[in-house]
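Hello,

Here is the structure we talked about handing over.

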Amino acid sequence: MSAGPAVDPRGPRFAAILTTIVLAVVLVTQWWPLLAIQTVVFAIGAFVGLKPAPYSIVYRTLVAPRLGPTDEREDAAPLRFAQAVGFVFALVGTIGFALDLAPLGIVATAFALFAAFLNAAFDFCLGCEMFLLIKRFSPARASS
């Protein structure tokens with residue numbers, strides 16, 4: 001069961017690179033409005049879809065045409081789940097920084113940064129792996 005059409009796996013990795021940069025800047029500056037914007041980016045990817053997500057649009061319009069086509073495809077469902085996990089951490093971080101609870105903001109942002117960096121640097125999507133584990137051990141799977 002897929003959450004949408006399969007996607008070019010280079011797109012999510014590109015998005016992870018941009019996300020890593022944004023989250024690193026937030027961690028250094030603790031400027032919560034930038035984290036709030038990243039939270040919206042995560043929300044669009046998770047709850048609206050990957051295609052209309054801002055980093056996906058940048059990838060499709062500016063990067064993909066320069067790379068050429070690929071036959072490689074990836075299921076969108078784990079990627080959307082990963083975006084939802086990023087959304088939760090970014091939202092908690094935004095709230096932490098906005099309410100002057102810097103330790104909460106720092107820890108939540110650091111967790112999101114760690115996951116984004118794993119994907120950007122090593123092509124390892126932690127949220128995607130969580131999705132697959134949850135799916136594997138969910139009771140619904142036993143009945144199918």
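Helices (H or I, at least four residues) and strands (E, at least two) are DSSP runs, numbered from the N terminus. This is a predicted model, in which local features need pLDDT of at least 70 and side-chain atom pairs count only at pLDDT 80 or more, while totals for chains, interfaces and linings use all residues. Residues are numbered from 1 along each chain as its sequence is written, and side-chain values use heavy atoms, with hydrogens and water left out.

A pocket here is an open set of points on a 1 Å grid over the protein atoms alone, where a 1.4 Å probe fits, with protein on both sides within 12 Å along at least five of seven lines; lining residues have an atom within 4 Å of a point.

The largest pocket has a volume of about 900 Å³ (the space filled by probe spheres set on the points, which are joined across faces, edges and corners). Its lining has 43 residues, with Pro-12, Leu-50, Ser-56, Leu-79 and Gln-83 nearest the centre. H1 (10-29), H2 (32-48), H3 (54-67), H4 (76-98), H5 (102-122) and H6 (126-137) each supply at least two lining residues, and H4 gives the largest share, eight.

The second largest pocket has a volume of about 180 Å³. It is lined by 14 residues, and Glu-74, Leu-79, Cys-125, Cys-128 and Glu-129 are the closest to its centre. H1, H4 and H6 each give two or more residues to this lining; the largest share, three residues, comes from H6.

Regards
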